[in-house]
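Hi everyone, thanks for making time this morning. I'd like to walk you through one structure, so let me put it up on the screen.

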Amino acid sequence: MNSSSASKRARTAASTSSPSPPYELIYWPTIPGRGEPIRLCFEATSTSYTDVTNTSSSGMATLKSLIYPSPNGSHFAPPILQHGHLTISQLPNILLYLGPELGLVPQDDENALYHINQLALTALDGFSNEAHDTHHPTAVGAYYEDQKDAAKARAKDYIANRLPKFLGYFESVLKQSEERGGGEYLYGGQLTYADLVLWQGLDGVGFAFPKAMQGLRGSGEYERVWTLYERIKERKEIKAYLGSERRLEYGNGIWRHYPELDDDGRE
């Protein structure tokens, strides 16, 4: 990566103040993956951060030094967040930390963090973990081609049963939020990290299963979910991020597009 490209990737949306100490995200390079909800939290709040492996030639060495089986590696796998003296891993754990830090949790509700974390974990289950398992249903370490038949069966069930269930759940959550007077977002009438996790999951699954998601979207059953998706996509900070080089392309990560797995539900 040349210095010009690296500097463009390192640039974030302008903010009025620079956090001290800086935030550093350490994740596998070139893919969105489980690092993406963290990036979205920073970008949505115009918070400066460094995407270490995508901006530094020594980024991969840093990552490998922090994870098992490195002799000093205290983390199982990325994403890893460094913030001053704090170094933590596991995406839900990082989000639990960043939510209050970045104002992505209402401050006037002492129970908000737990409700928002519950929503984020559910979105990660439905649109990240289960989406990944459609192309690697039997063995994470094996090639997709070696488990293709099982992947087809898993993807068919995911599209027919699991996706509608998760979409229906979040449609219900938004309806309840609407009835409480905060229907624009999942909780508390404001953007939270759960909204960003859900947005990324919908976007990733839309890449992996475009025909299936087009059919589900066209059904008219999940209008609140798609309205939320578009609302977040059009936010000034998110729109700028999505049009920048900082937004990484989908590839061989969680969300993979295999046309033979994408079913629009019609026989």
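I'll talk about one proline, then a pocket, then a pair of helices. Please keep in mind that this is a predicted model.

Let's start with P79, which sits in the loop that runs between α4 (59–66) and β3 (80–83). Is P79 buried or exposed? Its relative accessibility is 1%, and because anything under 20% counts as buried, P79 is buried. So what is P79 in contact with, once we leave aside its neighbours within four places in sequence? The list includes L25, I26 and Y27, then R34, G35 and I38, and also I88, S89, Q90, L91 and I94. Take S89 from that list: it is 10 residues from P79 in sequence, with 5.8 Å between the two C-alpha atoms.

Next, the largest pocket, with a volume of about 260 Å³. Its lining has 13 residues, and those nearest the centre are Y27, W28, R34, H132 and I254. Sorted by class, the lining of this pocket is seven nonpolar, four polar and two charged residues.

Finally, the helices. The axes of α6 (residues 112–135) and α8 (residues 193–208) come within 8 Å and cross at roughly 10 degrees. That angle is under 35 degrees, so α6 is roughly parallel to α8. On the α6 side, the residues that meet α8 include L113, I116, L119, L124 and F127; their partners in α8 include Y193, V197, L198 and V205. The contact of α6 with α8 has 14 nonpolar residues, two polar and no charged.

Technical notes:
Residues numbered from 1 in each chain as written. Predicted model: local features only at pLDDT ≥ 70, side-chain atom pairs only at ≥ 80, totals over all residues. Heavy atoms only, no water. Helix = DSSP H or I, 4+ residues; strand = E, 2+ residues; numbered from the N terminus. Buried < 20%, exposed > 50% of the residue type's maximum accessible area, 1.4 Å probe, protein only. Contact = heavy atoms within 4.5 Å. 1 Å grid on protein atoms, 1.4 Å probe; cavity = no way out; pocket = protein on both sides within 12 Å on 5 of 7 lines; lining within 4 Å. Points joined across faces, edges and corners; volume = space filled by probe spheres on them. Nonpolar A, V, L, I, M, F, W, Y, C, P; charged D, E, K, R; others polar. Axes fitted to C-alpha atoms, helices over the stretch in contact; angles between N-to-C directions. Parallel < 35°, antiparallel > 145°, perpendicular 65-115°, else oblique.
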